[in-house]
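Biologist: I would like to go through this fold piece by piece, starting from how its parts are named. Could you take my questions in turn?

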Amino acid sequence: MSAGLRRRLAGRLRVALPPAEAFRLFTPYGERDWVEGWEPRFPERVTDDTEPGTVFQARADGAATTWIVLHREPGRSVSYARLREGVHAGTVGVTLAAAERGHSDVTVTYDLTALTAEAEADLAAFAAGYPAFLRSWEDAIAAHLGEAP
């Protein structure tokens, strides 16, 4: 493998809900409301999908990613470890802060390491498209909340 396989990315989006309400949108069950095709599968029944230690899997682009809840402060932050076997591993964090007009500023951080040289190009492309990726989240959430574009 070559050097530079790790990418640390951070960006911000705005959600038209206060943090206590917006928090749910960034949980495994809550993302189903605005992420097309998102259907987390839990190996055991859970009553709180943000309890630290909770494990779930989700499929995207034909591959399964395993997620583990690392930490949560309801209404403020949640973080996950994630592993797409043979592709990349790392963490995802979401932090919410109150903004004007009852909205939330949401900071999303991805810290991913490619596990193979082949995966490095995909991770570099993800990093290059990260601002657009977060804009797509903002747009999808706004549409879910019934906001005009």
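Modeller: Helices (H or I, at least four residues) and strands (E, at least two) are DSSP runs, numbered from the N terminus. By that naming, phenylalanine 133 belongs to helix H3. The model is a predicted one.

Biologist: Is phenylalanine 133 buried, partly exposed or exposed?

Modeller: Buried means under 20% relative accessible area, and exposed means over 50%. The relative accessible area of phenylalanine 133 is 26%, so this residue counts as partly exposed.

Biologist: Which residues is phenylalanine 133 in contact with, leaving aside its neighbours within four places in sequence?

Modeller: In space, phenylalanine 133 and glycine 11 are 9.6 Å apart, C-alpha to C-alpha, although 122 residues apart in sequence. With the neighbours within four places set aside, the residues in contact with phenylalanine 133 are Tyr110 and Phe126.

Biologist: Which ring cluster do those residues belong to?

Modeller: Tyr110, Phe126 and Phe133 are among the residues of a cluster linked by ring pairs. The complete cluster is Phe26, Trp34, Tyr110, Phe126, Tyr130, Phe133 and Trp137.

Biologist: How are helices H2 and H3 oriented to each other?

Modeller: H2 covers residues 117-128 and H3 covers residues 130-144. Their axes come within 4 Å and cross at roughly 60°. The two helices are therefore oblique to each other.

Biologist: What classes of residue make the contact of H2 with H3?

Modeller: H2 contributes Phe126, Ala127 and Ala128, and H3 contributes Tyr130, Pro131 and Phe133. Sorted by class, the contact has no charged and no polar residues, and 6 that are nonpolar.

Biologist: In what order do the strands lie in the sheet, and which are the edge strands?

Modeller: The sheet is open, has 6 strands and is paired antiparallel. Direction ignored, neighbouring strands are turned by 25° against each other on average. The order is S1-S6-S5-S4-S3-S2, and the strands that pair on one side only, hence the edges by the record of pairing, are S1 and S2.

Biologist: Which strands do the two helices touch?

Modeller: H2 packs on the sheet, with its direction at about 165° to that of S6. H3 packs on the sheet too, with its direction at about 30° to that of S1. The strands touched by H2 are S1 and S6, and those touched by H3 are S1 and S6.

Biologist: Which residue in the hairpin of S5 and S6 has a positive phi?

Modeller: The hairpin has 5 residues between its strands. In the turn, a positive phi of about 60° is taken by arginine 101.

Biologist: Why is the pair of tryptophan 67 and tyrosine 80 edge-to-face?

Modeller: Planes over 60 degrees apart count as edge-to-face. Tryptophan 67 is in strand S3 and tyrosine 80 in strand S4, 13 residues apart. Their ring centres are 5.7 Å apart, and the pair is edge-to-face because the planes stand at 90°.

Definitions and conventions:
Residues are numbered from 1 along each chain as its sequence is written. This is a predicted model: local features need pLDDT of at least 70, side-chain atom pairs count only at pLDDT 80 or more; totals for chains, interfaces and linings use all residues. Side-chain values use heavy atoms; hydrogens and water are left out. Axes are lines fitted to C-alpha atoms, for helices over the stretch in contact, and angles run from 0 to 180 degrees between N-to-C directions. Angles under 35 degrees count as roughly parallel, over 145 as roughly antiparallel, 65 to 115 as roughly perpendicular and the rest as oblique. Contact means heavy atoms within 4.5 Å. Ala, Val, Leu, Ile, Met, Phe, Trp, Tyr, Cys and Pro count as nonpolar, Asp, Glu, Lys and Arg as charged, and the others, Gly among them, as polar. Rings of Phe, Tyr and Trp (its six-membered ring) pair if their centres lie within 6.5 Å; planes under 30 degrees apart count as stacked, over 60 as edge-to-face and the rest as tilted. Two strands pair if DSSP finds at least two bridges between them. Buried means under 20% relative accessible area, exposed over 50%, partly exposed in between (1.4 Å probe, protein chains only).
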